[in-house]
Amino acid sequence: MEIVRAPNMLAPEQPGGGDAERGEIVRLGRRTALRIVVVYLLVGAAWVLFSDRVLATIVSDPAARDRLQTVKGASYVLATGALLYWLIVRARSHLAASELERRAVLDSIVDAIVVVDPSGTVVDLNAAAARLAGLSQRNGRGLPLAELLARGRFKHLDGRPLAVEDSATSRALQGETVGGFECTVQGPDGSTVFTHVSASPVYVQSGAAPHRAVAVIRDVTDVRRFEVAREEFLSTAAHELKTPLAVTKAYAQLMKRRGQGDPAALSVIERQTDRLARIVQQLLEVSRFRSGRGGELRRERFDLGDVADDVAQRMRRLTVDPVRVERSDAILVLADPDRIAQVMVNLVENAIRFSPLGGEVAIAVRRRATEAVVSVRDHGVGIPPERQDRVFERFYRAHAGTSQDYGGLGLGLDVSREIVARHGGRMWFESEPGQGSTFSFSLPIAEETAA
Amino acid sequence: MSCASGLLVVEDDPDLSGLMSMILGDAGYSVRVAENGAVALARVAEEMPGVILLDMRMPVMNGWEFAREFRARYGRAARIIVVTAAENARLRAQEIEADGWLEKPFELDAVLDAVASQLAASAAAAEPPA
């Protein structure tokens, strides 16, 4: 499974996606107005046609009829005036009610919302946004965005003040939908608030430039605090778990060196502490990769073949058959040598673990177009076809519960693939039950310029 | 000018510091031990070691604080080797501008090699240019 950034499901699909809806609203308004006018015309015509005739049959005196005629005209004007007044008030109050409701909804939203026009002026902001910038909503409207950013002391995570042109909102005015923009804001109480900003252009007509940009600013301080605490926890856990392992292993080595105890037994202690140390390392890495941060990569230029030689050397203690390295000329990559070695160690360990009858394990380093490809080949048990799809899943152990279950946590390949992916490479395998497996990964080759 | 050849092991775990002094003592070095950065500074004041093997996470005064204080007072008078369980030992070493690093759990040979090469490097550096 490749790690592909899925398109944001919440982002507007098309600028001006609301065109049809807008047309519908306009049409509905026209129809209502037309209905009112038609009714008015019918009533008016009926009144003109019939009122005089009715008056003539009821009142016989022409002088009295004239007076009544005047009263009738005046009352007609009054009645229609009152009707118009009522219609206008009703329409207005509907509008006002829906405006109030919209306002209340916006102000009830926990995230801060800011709407900006193409000149960079804040045209609307909700209560949360006003609180964040330390303003009243009334004062916030009409303020230039730059001023709002300055008042809220918006900063990049590294502490640089956030310039207007760098803000997610300004980018949205250029038509870009920005998600996951991180910055800090000084809260009303002076504390630093970590925020996550998403901003998108607002179109009222398709094909036109954005009419507005809307930014949603979310307070993620708690999430951030949790992340810091977790980092601290992971580093404590690493220390607490690895120190006893270091002590145990070193004492076993010391005894062996001094010729005390059974050297074979001491080697077992050493091997097992190494194994535990690697599991601890994997667990720490998995929890870190989960958080999407995944530790730092220390890239340098080196020859992959050298690292393969080094790994083969280190693996010597695990197996009777030596690990062979097939390499030709130098293949330089720009990568983190410790991490790449770790991937090779994981693959070679698996190869050895799943070759219970022994058999040669080889690391081949070769060049394929612009890629360097490292393959670890074994002649072990292989992976049954029906389990091959899930090999790279975290915690999945293809041989779990079979007679070929040789232990492991099911983390090695997951971590390895993650490391390779972070270097811009891929990992894959071919396997034939009973014949063995070949796990390979690729890395971009570094240009052979001066180091 | 003669170069300091003594070693100072700064480590809060007595089992580990005991082991380090045994193995380095076996190899013929004179080894002193400090259980935190503050004690280490006192040991350094008594006598400047050639190489300091420095744990990072310690109570009272940790490795970072010790390294900062040491550099401020003595500059690069001794070589520092970081001994850490952190996931990226090399990075920790760079943070405090240490001369070398060892990742826990380590091989004894790696400890001896690191100490020997740091002592050799400092001896070479102390040699007057011909």
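**Figure 1. In chain A, 57% of the contacts with a separation of 6 or more are between residues 24 or more positions apart.** A contact here is a pair of residues whose C-beta atoms, placed from the backbone, lie within 7 Å. What you're looking at is a predicted model, where local features need pLDDT of at least 70 and side-chain atom pairs count only at pLDDT 80 or more, while totals for chains, interfaces and linings use all residues. Residues are numbered from 1 along each chain as its sequence is written, and chains are lettered from A and ligands numbered from 1 in the order in which they are written. Of its 451 residues, 27% are buried. Buried means that 20 or more other C-beta atoms, placed from the backbone, lie within 10 Å of the residue's own; 12 or fewer is exposed, and anything in between is partly exposed.

Figure 2. Going along the sequence, you read β-α-β-α-β-α-β-α-β-α, which comes from five helices and five strands. Buried residues account for 42% of the 130 residues in chain B. For contacts between residues at least 6 apart in sequence, 59% link residues at least 24 apart.

**Figure 3. Where chain A meets chain B, the contact draws 21 residues from chain A and 18 residues from chain B.** On chain B, helix H1 (14-26) and helix H4 (89-95) each put in at least two residues. H1(B) gives the most to that side, with five residues. By class, the chain B side splits into 10 nonpolar, one polar and seven charged residues. The classes are simple: Ala, Val, Leu, Ile, Met, Phe, Trp, Tyr, Cys and Pro are nonpolar, Asp, Glu, Lys and Arg are charged, and the others, Gly among them, are polar.

**Figure 4. Helix H7 (residues 221-257) of chain A packs on H1(B) at about 30°, with the axes 10 Å apart.** Axes are lines fitted to C-alpha atoms, for helices over the stretch in contact, and angles between N-to-C directions run from 0 to 180 degrees. H7(A) and H1(B) therefore count as roughly parallel; the label covers angles under 35 degrees, with over 145 being roughly antiparallel, 65 to 115 roughly perpendicular and the rest oblique. The H7(A)/H1(B) crossing is left-handed, meaning the near helix is turned anticlockwise from the far one by less than a right angle (clockwise would be right-handed). From H7(A), the contact uses Thr243(A), Ala246(A), Val247(A), Ala250(A), Tyr251(A) and Leu254(A), and from H1(B) it uses Asp15(B), Leu16(B), Leu19(B), Met22(B) and Ile23(B). These residues sort into nine nonpolar, one polar and one charged. As background for reading such lists, an α-helix has 3.6 residues a turn, so residues three or four places apart point the same way.

**Figure 5. Helix H10 (residues 337-353) of chain A is largely enclosed by the rest of the structure, because 12 of its 17 residues are buried.** H10(A) reaches 24 Å from its first C-alpha to its last, close to the 24 Å expected, where the expected span is 1.5 Å times one less than the number of residues.

**Figure 6. Helix H9 (residues 304-315) of chain A crosses H10(A) at roughly 50°, the axes coming within 10 Å.** The two helices are therefore oblique to each other, and the crossing is right-handed. H9(A) contributes Val307(A), Ala308(A), Asp310(A), Val311(A) and Met315(A), while H10(A) contributes Pro337(A), Ile340(A), Ala341(A), Met344(A), Val345(A) and Val348(A). That makes 10 nonpolar, no polar and one charged.

**Figure 7. H10(A) also packs against helix H12 (residues 412-422) of chain A, at about 150° with axes 9 Å apart.** H10(A) passes H12(A) in a left-handed crossing. Contact residues include Arg339(A), Gln342(A) and Asn346(A) from H10(A), and Leu413(A), Ser416(A) and Ile419(A) from H12(A). This contact has five nonpolar, five polar and one charged residues.

**Figure 8. Val323(A) is buried, with 24 C-beta neighbours inside 10 Å.** Val323(A) sits in strand S7 (residues 323-327) of chain A. Leaving out residues up to four places away in sequence, Val323(A) touches Ala312(A), Met315(A), Val348(A), Val361(A) and Ile363(A). Glu360(A) is 37 residues from Val323(A) in sequence but 6.7 Å from it in space, C-alpha to C-alpha.

Notes:
Helices (H or I, at least four residues) and strands (E, at least two) are DSSP runs, numbered from the N terminus. Two residues are in contact if their C-beta atoms, placed from the backbone, lie within 7 Å.
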